Amino acid sequence: FDEFKKQMLEQKTRTLKADVFTLALGIVHVFLWWCLAELMIHFMYMHAIYSSYPVLSEVSYWTLGGLALAQVLFFYVKYLVLFGIPALVVRMDGLEPPELPRCVIVMYSFTGMWSCVSQPT
């Protein structure tokens with residue numbers, strides 16, 4: 001809350017050109033992440049994978065690990081879409097939103113992901 005209060009009191013001057021560029025770039029980013037999520041749902045059957053126990057019980061551990069990674073990456077892409085839209089709105093209001101978490105591929109432990117999602121300031 002302190003960071004929000006500070007940003008509200010010290011508002012920066014903005015230009016229409018910069019605002020339009022920020023909006024266009026944000027819409028393109030969110031749209032590309034949304035398209036990737038839709039492709040993952042359509043071609044990889046992301047929602048059906050974890051509900052088909054007979055198939056999962058027959059595959060190797062390497063396949064299960066790959067499917068688990070795919071599920072985690074799908075969660076990350078979905079997160080980027082769902083929180084990218086409010087972040088874009090906040091940017092259009094002249095505020096700086098909290099940073100999105102790091103990509104899960106470069107993390108060896110999920111504690112780093114959760115600590116930056118709900119980080120108290």
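Accessible areas were calculated by the Shrake-Rupley method with a 1.4 Å probe, and for residues only the protein chains shown count as cover. On this basis the accessible surface of the chain comes to about 9,500 Å², of which 70% belongs to carbon and sulfur atoms. The structure is a predicted model, in which local features need pLDDT of at least 70 and side-chain atom pairs count only at pLDDT 80 or more, whereas totals for chains, interfaces and linings use all residues. Residues are numbered from 1 along each chain as its sequence is written, and side-chain values use heavy atoms, with hydrogens and water left out.

The secondary structure comprises six helices and zero strands, where helices (H or I, at least four residues) and strands (E, at least two) are DSSP runs numbered from the N terminus. Of the 121 residues in the chain, 21% are buried (under 20% relative accessible area, with exposed meaning over 50% and partly exposed lying in between; 1.4 Å probe, protein chains only). Among the contacts (heavy atoms within 4.5 Å) with a separation of 6 or more, 67% are accounted for by residues 24 or more positions apart.

When residues up to four places away in sequence are not counted, V77 touches W33, L36, A37 and M40.
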